[in-house]
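This report covers helix packing, chain symmetry and core contacts. The structure is shown first.

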Number of protein chains: 2
Amino acid sequence: MAKKIIVIGSGAAGMSAASSARAADPEAEITVFTEDRDVAYSPCMIPWVLEGKSTWDNMIMHDPAWYAKERNIKIITETKVESAVNDRAKDGTVTKHVVAGGVTYEYDSLVLATGGKVFIPPIEGTTLPGVFTVRTVKGGQEIEAYLKKSQKIAIAGAGVIGLELALALVNIGKDVTVIEMMDQVIPRIADKDMAEPVQKYLEEKGVKFMMKTPVQGVIGKDKVEAVNAGGVECPCDMVVFATGVRANTDLAKELGLDIGQLGAICAAPTLQAYKRGRLCPDIFVCGDVLQCQSAVYDGPTMSQLGSSAVKEGRVAGSNAAGKTLQFGAVASPWVSIIGDKQIAGTGMSLGLASWYGVNTVTGKATGKTRARYYPDGKELTVKVIADKLTHKIIGGQILAGEEATGRIDWITAAVISGMTAEEFLVRAENAYCPPTSQVRDVVFAAVENLVANLQ
Amino acid sequence: MAKKIIVIGSGAAGMSAASSARAADPEAEITVFTEDRDVAYSPCMIPWVLEGKSTWDNMIMHDPAWYAKERNIKIITETKVESAVNDRAKDGTVTKHVVAGGVTYEYDSLVLATGGKVFIPPIEGTTLPGVFTVRTVKGGQEIEAYLKKSQKIAIAGAGVIGLELALALVNIGKDVTVIEMMDQVIPRIADKDMAEPVQKYLEEKGVKFMMKTPVQGVIGKDKVEAVNAGGVECPCDMVVFATGVRANTDLAKELGLDIGQLGAICAAPTLQAYKRGRLCPDIFVCGDVLQCQSAVYDGPTMSQLGSSAVKEGRVAGSNAAGKTLQFGAVASPWVSIIGDKQIAGTGMSLGLASWYGVNTVTGKATGKTRARYYPDGKELTVKVIADKLTHKIIGGQILAGEEATGRIDWITAAVISGMTAEEFLVRAENAYCPPTSQVRDVVFAAVENLVANLQ
């Protein structure tokens, strides 16, 4: 009999899981439940669509009809899974089903890709018309519609989504203020010295910033009229919360799955969930709801990135269909393109390292993305971070006018192989051609500086 | 007393060695001998200067006066080192000197950075006016002058320098034919399937190719009038040999140093040379004259790249001044920018693997450099090669419209860490932002294909 596989969630993780399950088992009955209206898109695209660089239609790669026809995957949209059961009674009978829209669906394997919820601080006024989050196409379209009657926009949170959105909105003529609790943009994953040039660039483009300022309330009668920013009432027409994502563990808790210290679901390398310390053979976890293992620190970490979600979904979905793939520990490389600036990072920032109790030494260098004698080279600053005890490279950050992505992937590969700074200088290599790199890439200069500082 | 360090050769390796020796020892007397007129430039720039994208002045970063003033390094240009001695007599007396321009110079440490000579096949007519190689600024300027009275240009050799030059010359209106002995462009380091699109692109740009055709002679009375290409007389005004580089081991042989099976100088990881199997404590080797160790095969390889030369020079020069740095085994990543096409590679090509007796399995995938829904993404084809026995990734090649360099450096890092194809899928990660990558980069798709083919 065909295996019944149920996937809950239609984000990058869920859809990747469903497609991978199909690739692994051509016969399985695969059903995806989602509260969303749309599937198979990258929410990271939303700022660019709002700016007019792409369209909603374009950013949605496939619709449920396509999945039904091409991949024989049934997608039930705009439907909340109300409950999920996975119980083994003393007499050996196993009850495995979910309930959605009042209907009970049995499963053999369950993939939890329930994602995250944008964290909205527990303050007044967040349900007023004019308050938004950046998470779904539907939400993006609501922002687009509301923008037509809005001029002054407050964005709560200076993470990469907040900043990308801020630039998109000033580019279409809006008056944008970013309100951030911390004293730097891109807090947590970028260091202050690397993040400051991005803030300065955005200020030159017209974005205003209120730093070290918590959003303490949204003010308005029938709709947003102002925001309380650290006690100051700032008039605005809209507030967008880009204040980070919390794992959505409601169903996991109902299923009795083990939740880790970071508030997300624990899983084995096969991405099987645990229940009271024992592996669940038939529940798999992927996406923003998963607690990962760190590749640079012997402990848990979160990796709420689209790239991680797709990779996790592939493992969870394949294994739900009977394979035994593994998902490794993560360095979680990220990159954000903010106008002419690219900022990228991998592994631990100084802030994260300090949080985890790691003593650090840093190296930094500045140069060009191209040979100095080749025209139009862009600025390139590379920072690398080592563990002071082991000399291993545990993180890196790049600020560049171009080609940050490949370089951060390169540093990531060094980080996950556990290379020390000294070993990097002995063994690492870079390809050279005048139009795309210096003969000795700036990454090397940064590591040389790191090795000098380690001595 | 100040240590006397002599560097022979002023290419990327020699100048990197001299500067690194200075950084390691502020007091040393450092002298560089070179037959060249200019120093401190990247010969890889020559095609772009001939095309007018940069100038000779621009591509020379510093002149000897700058080195004298800023780094206290004496450079003796246009001077051949006639002989070199490093002898220990039975009574313990040590004779260490070089002779140049009839003058004897003693040294404490000697750095051999004698580079390579462009291999010109032993055929008739190669000394005629109108025959050139692409190796020095002076040679480049001679090409530039001769181009003024030349329309039909034959380039012998379809390696990356030959192809970059061919495109530069058609771009300034010349009639260019590339003559290649093998049945593909970029033979040896690129596989035929990856190289063919580059040839096709160049053909569309107007470059003509004669493949599987050896250059058998240069024809002319007082200057080049034609080239004998596989027995066919092809009229032309100029012939440029871009037929590869052979290590220039004349002085090494005179010094009695061990020459390896690939015809270049053997050295330890400290880049100290050997003499009859014993380390020479005071002779260091770097650049095109060095025989390297392969990072993917337990044996020797050549790495005649500017990036390798700079890295080796840093080690050889520092150690000549008393440090104990090491130079690791090489994967030798390379990249060539040919108009709108970028081609890059690392580790072993199929041809090299077969030469070394390695059984291979390949994986290949095609996609875009950006998210599919972000505008202006360029084509991206990635090929990865594994050792069939160990499943280790031993090479990769990329053909792309942009951003090949960082991706090949990423694959290189995986290769030198000895990662298997299966482990890559478990542990590797890529940063994602719609304008610079797919959420799961094409590199992953290629490795997935590789893993499927390994099963």
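In this predicted model, helix α1 (residues 12-24) of chain B packs against helix α9 (residues 306-320) of chain B at an angle of about 35°, and their axes are 7 Å apart. The crossing of α1(B) past α9(B) is right-handed. The residues that make the contact are listed by helix below.

| Helix | Residues in the contact |
|---|---|
| α1(B) | B:A12, B:A13, B:S16, B:A17, B:S20, B:A21, B:A24 |
| α9(B) | B:G306, B:A309, B:V310, B:G313, B:R314, B:G317, B:S318 |

By class, the contact of α1(B) with α9(B) has 7 nonpolar, 6 polar and 1 charged residues.

Chain A is superposed on chain B by a rotation of 180° with 0.0 Å of shift along its axis, at an RMSD of 0.0 Å. The two copies are therefore related as by a two-fold rotation axis. Of the interface residues of chain A, 100% are also interface residues in chain B, so the copies meet through the same surface.

The largest nonpolar core has 175 residues, of which A:I155, A:F424 and B:F424 touch the most other members. Neighbours within four places in sequence aside, the contacts of A:I155 include A:G162, A:L165, A:V178, A:V240 and A:A242.

In chain B, B:A242 lies in the loop between β16 (238-241) and β17 (245-247). B:A242 has a relative accessible area of 16% and is buried. With neighbours within four places in sequence again set aside, B:A242 is in contact with B:I155, B:A156, B:G157, B:I161 and B:G162. The C-alpha atoms of B:A242 and B:R135 are separated by 9.1 Å, while the two residues are 107 residues apart along the chain.

How values were computed. Residues are numbered from 1 along each chain as its sequence is written. Chains are lettered from A and ligands numbered from 1 in the order in which they are written. This is a predicted model: local features need pLDDT of at least 70, side-chain atom pairs count only at pLDDT 80 or more; totals for chains, interfaces and linings use all residues. Side-chain values use heavy atoms; hydrogens and water are left out. A nonpolar core is a set of buried Ala, Val, Leu, Ile, Met, Phe, Trp, Tyr and Cys residues joined through side-chain atoms within 4.5 Å. Buried means under 20% relative accessible area, exposed over 50%, partly exposed in between (1.4 Å probe, protein chains only). Contact means heavy atoms within 4.5 Å. Axes are lines fitted to C-alpha atoms, for helices over the stretch in contact, and angles run from 0 to 180 degrees between N-to-C directions. Helices (H or I, at least four residues) and strands (E, at least two) are DSSP runs, numbered from the N terminus. A crossing is left-handed if the near helix is turned anticlockwise from the far one by less than a right angle, and right-handed if clockwise. Ala, Val, Leu, Ile, Met, Phe, Trp, Tyr, Cys and Pro count as nonpolar, Asp, Glu, Lys and Arg as charged, and the others, Gly among them, as polar. Copies are superposed by least squares on the C-alpha atoms of residues with pLDDT of at least 70 in both.
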